[in-house]
Amino acid sequence: MNQPASAYFIEDRHDPNETHTLAVLVQNEPGVLARVIGLFSGRGYNIESLTVSETESQKHLSRITIVTTGTPMVIEQIKHQLDRMIPVYRVVDMTLTKRSIERELAMVKVRGQGEHRVEALRLADAFRARVIDATTESFVFEITGNTDKINQFIDLMRPLGLVEVSRTGVAAIGRGPEGM
Amino acid sequence: MSDKSHDPNQMTGAAMIVRALIDHGVKDIFGYPGGAVLPIYDEIFQQSEVQHILVRHEQGAGHAAEGYARSTGKPGVVVVTSGPGATNMVTPLTDALMDSIPLVCITGQVPTHLIGNDAFQECDTVGITRPCTKHNWLVRDVNDLAKVLHEAFYVATSGRPGPVLVDVPKDVQFATGTYHPPRKSDVHRSYAPRVKGDATQIRKAVALLANAKRPVIYSGGGVINSGPEATKLLRELVEVTGFPITSTLMGLGAYPASGKNWLGMLGMHGTYEANMTMHDCDVMLCVGARFDDRITGRVDAFSPGSKKIHIDIDPSSINKNIRVDVPIIGDCGNILGDILQVFKAEAKKPDIKAWWQQIAQWRARNSLFYKKSNDVILPQYAIQRLFELTRGRDTYITTEVGQHQMWAAQFFGFEEPHRWMTSGGLGTMGYGLPAAVGVQVAHPDSLVIDIAGDASVQMTIQEMSTAVQYELPIKIFILNNQYMGMVRQWQQLLHGNRLSHSYSEALPDFVKLAEAYGGVGIRAHKPADLDGAIKEMISVKRPVLFDCRVAALENCFPMIPSGKAHNEMLLPEQANDEATATAFAGGKALV
C-alpha cells in the first residue's frame with residue numbers, strides 16, 4: 001500500500017478474521033455491562049452476540065457471553081483488555097477450549113393460512129421447535145439450538161410468513177465436570 | 001443509637017473523605033470548589049493536615065496532581081465539583097491513563113434523588129469518565145464510602161498505576177455513616193495484579209541475553225513507576241551485561257544520560273544510534289514500555305531480526321502492536337531482580353565489542369547536530385544552555401507538547417528518575433505549567449522548570465495565578481518561535497508548506513503578562529544574552545515567565561518519516577527541501 005502523508009503509520013492487515021465465544025465472569029455491580037460494551041466500541045472490536053444475566057445471586061456474580069470476530073492478535077487483545085477490568089474475575093475463550101456447548105433461544109412469529117401454515121408447523125416439528133402461542137392465523141415458535149440451526153429455521157420460515165424474531169444471543173458452557 | 005453518637009467512626013460523608021485522605025498519607029490536594037462539593041470544602045476548612053491548592057481551572061488541578069504524582073511516586077489527589085468541574089477533568093484523567101499516573105479524583109454530584117433529572121450542574125460523571133479512568137465509582141450510600149475510597153487508592157497505585165474517580169452525591173456527603181480505616185477486604189476480589197514473573201520465562205530471557213551478539217535494552221516509564229528499586233536494578237543489569245540502553249520519552253532518567261551505555265532516546269525524534277541499534281539488534285529487552293507507534297515506526301519493518309523479551313505488568317500491553325518471543329508479566333523491579341540473579345549465577349558478560357564498534361559508527365553521524373548562530377538563539381542551544389546552567393542543581397523539568405518537548409528530551413540530560421514530567425501518550429498541550437505547579441508543591445525548595453512553547457503555554461496560562469498565590473517559584477521557559485512549531489513542521493513536510501492556522505498571531509507580551517499576574521518576566525533575544533538571563537531566572541525566587549525568542553523556522557530532527565522504518569531516519573544534514581520531499585513522497589490523506 002502506498003503510505004499517505006500522515007503522522008500515523010497505516011498498516012495493511014491481512015490476517016484472516018476468526019470468530020470466538022468468550023465467557024466473562026464479572027462482579028454484578030452498576031455499570032459493569034457499560035464497561036464491557038464501552039471497551040468494545042471504544043477500541044473498535046466487534047460484538048456479534050452478547051448475553052448477560054446474574055448467575056450466582058449470593059455472590060453477585062454475572063456471566064457475560066460474547067461472540068466476537070477479529071484477527072488472532074485482536075482476539076488476544078480483547079481477552080487481556082477484558083481481564084484487566086477491575087470487576088472482571090475471569091475470561092475464558094470457549095472457542096479455544098474446543099469443548100464447549102453453545103445454545104441460543106429464539107421466539108419466531110409466523111403468520112399465514114392454508115398450506116403455508118401446515119408447512120410451518122411441519123418444519124417446526126422437524127426442528128424440535130415448540131408452539132408457545134397460536135391463533136387461527138399465526139404461531140409463535142420457541143426454538144433452541146446453536147446459532148446455525150436457528151438461522152436455518154428462520155430462513156425456512158421467511159417464505160412461510162415470518163413476522164418477527166426475538167433471540168437471546170449465545171450462552172456457552174464447557175463440557176465435563178469442571179467449572180470455568 | 002445513643003452510644004453510636006460517641007463512636008468516633010460515626011461521621012458525615014464529607015468528613016469521611018477528608019479522613020480517608022489523611023489515612024492514606026495525603027498531604028496536598030488540588031481542587032476547585034462548587035455547589036456539589038461544598039460539604040467537603042467545609043471539612044477541608046476545619047482541619048490543617050491536608051493542604052488544599054486552589055487552581056484556576058479544573059484541568060489545571062488534574063495536571064498539577066499528575067506532576068505531583070510523577071515527581072513523588074505518590075498518588076495525586078483532586079477534588080472538583082459536579083458538571084463542568086467533572087468534564088474539565090476529562091483531559092487530565094485521560095492523560096494520566098495513557099501515561100499510567102496514579103490519580104484519585106473526587107467529584108461532587110447532584111443529590112441522588114436528582115440524578116437523571118438534568119439538574120443544575122449535573123452530568124453523567126461515571127459514564128463520561130469510564131473510558132478515561134482505570135476504574136470509577138458512584139457512591140449512593142454513605143456506608144459504602146469508606147470502602148470505596150480505600151479501594152480507589154489501592155486501584156490507583158497498584159498494578160499498572162492509573163487514574164480513578166469517586167463520584168459522591170451531595171446528600172451522601174451530608175449523610176452520617178460509619179467510617180473504617182483502610183483494610184484488605186476493601187478491594188474487589190477480582191482485582192489481583194500479578195507482581196512476580198514466571199520463572200521459566202525468566203530463564204528463557206536470560207538464555208537469550210547471555211547469547212546475544214547485538215543486544216539492546218529498551219526501557220520505559222514502567223521502570224520509573226515501579227519505584228527506586230527498579231531503577232537501581234536496571235542500572236545494575238546494564239553494568240553486569242554491558243549492553244547498550246535506550247529509552248522512551250516516558251522512561252528518561254531511569255538510566256543516567258551521562259552513563260556510558262546510553263544511546264539517547266529512541267523513536268520518531270530519537271537519536272540515529274538508538275534507532276539503528278533497535279533495528280539491527282538480535283536480542284531486545286523491553287522493560288516497562290509498550291511499543292507505542294511513536295517508537296516503532298513502520299511495524300512490519302520494526303527490528304526484523306531480533307528476539308524480543310517484553311516485561312510488563314499489564315498483560316494487554318503484550319503482543320498489542322509487536323509480537324514478542326518471551327513475554328514476562330509482572331512488576332519490572334521484581335522481574336529485573338530475578339533476571340539479574342539468574343544471569344549472575346549462570347551467565348557471563350557476552351562479548352559484544354563488534355556491536356559497540358558498529359554503534360560508535362552510528363553515533364559518529366551526530367544526529368542531533370544543528371547549526372549554531374551568533375545572531376539568533378537556536379531552540380536546541382537554549383535547552384543546552386538551560387541544562388548546563390542548571391547542572392548539579394536539584395532540578396525538575398516539565399514540558400508542554402510539541403517541538404520544544406522533543407528538543408528538551410533530546411538535549412536535557414536526565415540523571416535520575418522522577419525528574420522529567422511530560423505528556424507522552426495523550427500529548428496534552430497545556431500540561432507543563434500546571435504540572436510544574438504540582439511538582440513545586442511537592443518539592444518547595446527545588447528548581448522546577450516548565451520548558452514550554454508559545455502556543456502550548458497559553459492553554460493553561462491562568463495557573464500562573466495559582467503559582468503566585470502559593471508563592472511557588474516555578475520557571476516557565478518559553479521557546480517562543482511564534483508558531484505551533486510541530487504542526488508547522490508537519491505542514492511543511494506533508495502538506496505542501498501550506499501553514500494552515502499554525503502561526504501564533506497576536507501573542508501576548510509574556511513579560512508584561514508575567515507582571516500582570518504578579519510574577520517576573522524575563523526576555524532574551526540574542527545568544528549572547530541567554531546565559532545571563534537564565535541565571536537571573538534561576539536566582540529569582542518567584543514565578544517567572546521567560547520569553548526566549550528563538551529561530552522561528554527551526555525544525556526538529558532527526559526524524560523517522562511516517563511509514564518508514566528505524567533505519568530510514570531523516571538526519572539533520574539531509575533535511576533539505578529535496579530530501580524531505582522524497583522521504584515523504586506518497587499520497588495524501590488526513591489522519
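Let's start with charges: over all chains, the structure holds 28 salt bridges, a salt bridge being a side-chain nitrogen of Lys or Arg within 4 Å of a carboxyl oxygen of Asp or Glu. Before you click on, note that this is a predicted model in which local features need pLDDT of at least 70 and side-chain atom pairs count only at pLDDT 80 or more, while totals for chains, interfaces and linings use all residues. Residues are numbered from 1 along each chain as its sequence is written, chains are lettered from A and ligands numbered from 1 in the order in which they are written, and side-chain values use heavy atoms, with hydrogens and water left out.

**Stop 1: salt bridges in chain B**

Select B:Arg160 and B:Asp314, whose side chains form a salt bridge at 2.8 Å, N to O. This pair links distant parts of the chain, 154 residues apart: B:Arg160 sits in the loop between helix H7 (142–157) and strand S7 (163–169) of chain B, and B:Asp314 in the loop between strand S13 (307–312) and strand S14 (326–329) of chain B. Helices (H or I, at least four residues) and strands (E, at least two) are DSSP runs, numbered from the N terminus. B:Asp314 counts as buried because its relative accessibility is 3%; buried means under 20% relative accessible area, exposed over 50%, and partly exposed in between (1.4 Å probe, protein chains only).

Next, select B:Arg183 and B:Asp186, another salt bridge, at 3.7 Å, N to O.

Now try B:Arg391 and B:Glu388, where the side chains meet in a salt bridge at 3.1 Å, N to O. B:Glu388 has 37% relative accessibility and so counts as partly exposed. To finish this stop, show B:Asp509, B:Arg523, B:Asp547 and B:Arg549 together: a network of salt bridges links them.

**Stop 2: the nonpolar cores**

Select B:Ile339, B:Phe477 and B:Phe546. These residues have the most contacts inside the largest nonpolar core, which has 107 residues. Such a core is a set of buried Ala, Val, Leu, Ile, Met, Phe, Trp, Tyr and Cys residues joined through side-chain atoms within 4.5 Å. Which helix gives the largest share of this core? Colour helix H14 (residues 332–346) of chain B, which supplies 7 residues. The core lies between domain 2 (199–363) and domain 3 (379–549) of chain B, because both give residues to it; these bounds come from an automatic or database domain assignment.

A second, separate core has 40 residues, among them B:Ala64, B:Ile101, B:Ile474 and B:Ile476.

Go back to B:Phe477 and show its neighbours. Leaving out residues up to four places away in sequence, its contacts (heavy atoms within 4.5 Å) include B:Ala382, B:Leu386, B:Ile449, B:Met537 and B:Phe546.

**Stop 3**

Select residues 272–280 of chain B, helix H12, where 8 of 9 residues are buried. The buried ones include B:Tyr272, B:Met276 and B:His279. Among the elements covering them are strand S9 (215–219), strand S12 (283–287) and helix H15 (353–363) of chain B.

Then move to helix H1 (residues 13–23) of chain B, with 8 of its 11 residues buried. B:Met16, B:Ile17 and B:Leu21 are among those buried. After H1(B) comes B:Gly25, which has a positive phi, near 75°.

**Stop 4: an exposed phenylalanine**

Where is B:Phe120? Look in the loop between strand S5 (103–109) and helix H6 (125–129) of chain B. B:Phe120 counts as exposed, at 70% relative accessibility.

**Stop 5: chain A**

Colour domain 1 (18–97) and domain 2 (101–174) of chain A separately. Their C-alpha centres lie 28 Å apart, and the contact takes 8 residues from domain 1 of chain A and 8 residues from domain 2 of chain A.
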